[in-house]
Amino acid sequence: MTDPIDFTGKRAIIVGGSSGIGNGVAQGFRSRGADVIVTGTRPDAGDYLEAEDSDLRGLTYHQLNVSDRNAADGLAEQIGAVDVLVQSQGVVRYKRQEFQREGWDAVVDVNLNSVMDVARAFHSGLAARNGAMIIVSSVAAFKSTMGTPAYAASKAGAASLVKSLGEAWARDGVRVNGIAPGLVPTKLTSVTTDHPERLEASLRAIPLRRMGTPEDMAGAALFLASPLASYMTGQTLVVDGGLTLS
C-alpha cells in the first residue's frame with residue numbers, strides 16, 4: 001500500500017524554516033523524502049551552525065528578508081514551482097513595544113503582510129502542481145495577548161487569510177490550510193520557557209501537561225500537505241495540547 005505521507009519527488013519550501021517550528025517542519029518533510037528548501041534572514045546557512053534550534057542538514061538554504069515587500073517575488077522566480085509551501089515566519093516585540101507605531105508595523109509586516117506577499121509570489125507555481133500551502137499562525141489568534149497586540153492581531157489576520165485564500169484558490173487546485181501552535185519552545189516564547197515559574201504556570205494550563213515540539217507541528221503539516229487531507233481547505237488546526245479548551 002502506498003504511504004500517503006511519502007513526499008518523495010516533491011518539492012517543499014518552508015519560509016522561516018531555518019530555526020524553531022519551521023525547522024522542525026522542514027526536517028519532517030525531508031525525512032519523508034521531499035526536496036526541502038528553507039529560508040532565513042541570515043546571509044548563509046553556516047550562520048546557523050551555533051543555533052540551538054536549527055538543523056539545516058539535508059536542506060537547501062536561501063536568504064529571504066520578508067520585510068522587503070518585493071523579495072518573495074525574486075525568490076519564487078529563482079526557485080520555480082513547488083508542491084508545498086509552509087509559511088512559518090514570525091516576530092514579536094515585548095515590553096509594550098507593539099503599542100508604538102514602529103513596533104506595531106514591524107510585527108504586522110512580518111506576521112501578516114509578508115504572508116500574503118509570499119502566497120502571491122508562489123501561487124502560480126503551486127497551481128501548476130496542484131500544491132498545498134500551510135500558514136502557521138498561533139493560538140494567540142483566538143485570544144487576548146495583553147502585552148503584544150500586534151502579534152495577536154497579525155496572527156488572527158493570518159488565520160483569517162487561510163479561510164479567504166482557501167476558498168479563493170480552490171478553483172486553481174491549491175489547498176490552503178493552517179496550523180495554530182500552542183506553547184512551543186522557540187526564540188519567540190523564551191520569555192516564558194526560559195523562566196521556571198512562568199513555565200510551570202503555563203504547563204498547569206495545558207491539559208496534556210507539556211509543551212509542544214516542532215516535531216508535533218511537523219506532524220500536522222505533513223498531514224495537511226498529504227492526500228489524507230485532500231478534502232480539506234480553509235481550515236486551521238489548533239495544535240496546543242488542549243490549552244484553548246477552557
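**Close-up views of a predicted model**

**View 1. Contacts and fold of the chain.** Of the contacts (heavy atoms within 4.5 Å) in the chain with a separation of 6 or more, 71% link residues 24 or more positions apart. This is a predicted model: local features need pLDDT of at least 70, side-chain atom pairs count only at pLDDT 80 or more, and totals for chains, interfaces and linings use all residues. Residues are numbered from 1 along each chain as its sequence is written, and side-chain values use heavy atoms, with hydrogens and water left out. The chain holds seven helices and seven strands; these are DSSP runs numbered from the N terminus, helices being H or I of at least four residues and strands E of at least two. Along the sequence the pattern reads β-α-β-β-α-β-α-β-α-β-α-α-α-β.

View 2. Seven strands line up in the order 3-2-1-4-5-6-7, with parallel pairing. Two strands pair if DSSP finds at least two bridges between them. Strand 3 (60-63) and strand 7 (236-239) are the edge strands, each pairing on one side only. From one strand to the next, the twist averages 20°.

**View 3. Strands 1 and 4.** Strand 1 (residues 11-15) and strand 4 (residues 84-87) run parallel, joined by four bridges. A12 has V84 in strand 4 as its bridge partner.

**View 4. Helix 7 on the sheet.** Helix 7 (residues 214-225) lies across strand 4, strand 5 (132-136), strand 6 (175-181) and strand 7. Helix 7 runs at about 165° to strand 6. Axes are lines fitted to C-alpha atoms, for helices over the stretch in contact; angles run from 0 to 180 degrees between N-to-C directions.
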